[in-house]
Amino acid sequence: MEIVKLVAETKAKISKFIEEGKSIGFVPTMGALHDGHLSLTAESVKENDITVVSIFVNPTQFNNPNDLKTYPRCIEEDLEKLSRYNPDLIFIPEVEEMYPEPDTRVFDFGHLDNVMEGKNRPGHFNGVAQVVSKLFDIVTPHNAYFGQKDFQQVAVIKQMVKDLKLNVNVVPCPIIREEDGLAMSSRNLLLTEEQRKNASKISETLFKACNLAADLSVNELRDWVVDEINKNPYLSVEYFEIVDDTYLQPINSWEENNVKVGCITVQVGKIRLIDNITF
Ligand SMILES: Nc1ncnc2c1ncn2[C@@H]1O[C@H](COP(=O)(O)OP(=O)(O)OP(=O)(O)O)[C@@H](O)[C@H]1O
Ligand SMILES: CC(C)(CO)[C@@H](O)C(=O)[O-]
Ligand code: BAL
């Protein structure tokens with residue numbers, strides 16, 4: 001496992017792997033690694049000759065400066081966790097290395113960026129697309145691994161790959177959960193003990209909703225989920241939308257013939273947590 005900080009050095013190492021005919025798997029992360037990130041790494045190591053993991057807290061995707069400031073950073077622990085999976089390269093650039101000059105590119109993802117996380121975090125997906133397109137340019141992966149927890153992000157990245165005509169296979173990976181069901185997230189580290197205990201109500205409600213879908217209309221189920229979570233004094237639903245898994249258009253009836261995903265964002269004090277469930 002080799003740690004590289006410079007873009008030029010990373011590109012040179014990867015060119016050599018490509019010349020040797022090796023397949024490249026890539027796992028982009030913002031660090032504070034947990035079993036969700038490690039499951040993506042394990043998948044990449046299994047499916048590719050070479051695995052590259054990046055750790056970079058990308059400033060351009062944060063619409064809230066305090067969120068950027070408090071985002072957990074623990075690089076030594078991250079490296080220790082990664083070493084158990086033996087990826088080949090860990091790319092840990094500084095901000096100046098990724099953005100020697102400001103990135104002024106504006107991506108147009110249309111509807112995909114106008115709903116849910118896109119609507120509630122203006123500029124977020126533009127920042128994600130800026131950094132992921134730069135990372136793809138440096139790493140030139142055959143396969144890139146993304147968690148389904150960030151469900152909308154997967155749809156946006158797939159669109160970006162199409163729009164930029166990149167030769168990258170985007171591989172969505174299942175959500176890894178804590179024992180009580182809470183979706184693993186680096187931001188869980190920022191919760192107080194009481195908030196953490198109550199946060200399990202989010203996934204618990206989504207799982208129950210899955211069972212209730214046979215008895216309630218889409219609108220009734222949507223309202224039920226929001227009310228049920230808002231009953232908990234530690235939790236406040238920012239949005240809960242039931243959408244199709246490709247275009248993220250709202251679902252109006254269970255009869256519609258597409259994969260339906262319930263996507264939620266909940267404020268737990270000052271911390272925003274996201275989760276989703278497939279119906
Ligand atoms: N619980 C999880 N299960 C599977 N993949 C995950 C999980 N959490 C994060 N990932 C994936 O790991 C990659 C890196 O995510 P990131 O570094 O933002 O971590 P995170 O835990 O999602 O952080 P946060 O929730 O605080 O934004 C993304 O593709 C993300 O979807
Ligand atoms: C893909 C990503 C690493 C880009 O900064 C980030 O959005 C994330 O961690 O999901
Ligand atoms: N996991 C998505 C990265 C972010 O919240 O900024």
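This is a predicted model: local features need pLDDT of at least 70, side-chain atom pairs count only at pLDDT 80 or more; totals for chains, interfaces and linings use all residues.

Visitor: OK. How many helices and strands are there in the protein chain?
Guide: The protein chain has 10 helices and 9 strands.

Visitor: What about its radius of gyration?
Guide: The protein chain has 19 Å, and a compact globule with 279 residues would have a value near 19 Å, so the two agree. Along the principal axes, the C-alpha atoms fill a box of roughly 55 × 40 × 35 Å.

Visitor: And what percentage of the residues is buried?
Guide: Buried residues make up 36% of the 279. As for contacts between residues at least 6 apart in sequence, 70% of them join residues at least 24 apart.

Visitor: Let's talk about the core. How many residues are in the largest nonpolar core?
Guide: That core has 61 residues, and those with the most contacts inside it include Val52, Val132, Val139 and Ile264. Helix α7, residues 124-139, gives the most to this core, with 9 residues.

Visitor: Where does the core lie relative to domain 1 and domain 2?
Guide: It lies between them, because domain 1 (2-173) and domain 2 (186-278) both give residues to it.

Visitor: You mentioned Val139. Which residues does it touch, leaving out those up to four places away in sequence?
Guide: Val139 touches Ile14, Ile24, Phe26 and Val52. In general, nonpolar side chains tend to be buried together in soluble globular proteins.

Visitor: Switching to the ligands. Which residues come nearest to ligand 1?
Guide: Of the 18 residues around ligand 1, the nearest are Gly36, Gly147, Met184, Ser185 and Arg187. The elements giving two or more residues to that shell are α2 (35-47) and β5 (143-147), and α2 has the largest share, with 4 residues.

Visitor: How does that shell split by class?
Guide: Around ligand 1 there are 8 nonpolar, 7 polar and 3 charged residues.

Visitor: And what surrounds ligand 2?
Guide: Ligand 2 is surrounded by Pro28, Thr29, Met30, Asn58, Gln61, Val128, Val131, Val132, Asp150 and Gln153.

Visitor: Last one: what are the classes around ligand 2?
Guide: The shell around ligand 2 has 5 nonpolar, 4 polar and 1 charged residues.

Definitions and conventions:
Residues are numbered from 1 along each chain as its sequence is written. Chains are lettered from A and ligands numbered from 1 in the order in which they are written. A nonpolar core is a set of buried Ala, Val, Leu, Ile, Met, Phe, Trp, Tyr and Cys residues joined through C-beta atoms within 7 Å. A residue is buried if 20 or more other C-beta atoms lie within 10 Å of its own, exposed if 12 or fewer, and partly exposed in between; C-beta atoms are placed from the backbone. Domain bounds come from an automatic or database domain assignment. Two residues are in contact if their C-beta atoms, placed from the backbone, lie within 7 Å. A residue is near a molecule or strand if its C-beta atom, placed from the backbone, lies within 6 Å of it. Ala, Val, Leu, Ile, Met, Phe, Trp, Tyr, Cys and Pro count as nonpolar, Asp, Glu, Lys and Arg as charged, and the others, Gly among them, as polar. The radius of gyration is taken over C-alpha atoms; the globule rule is 2.2 Å times the number of residues to the power 0.38.
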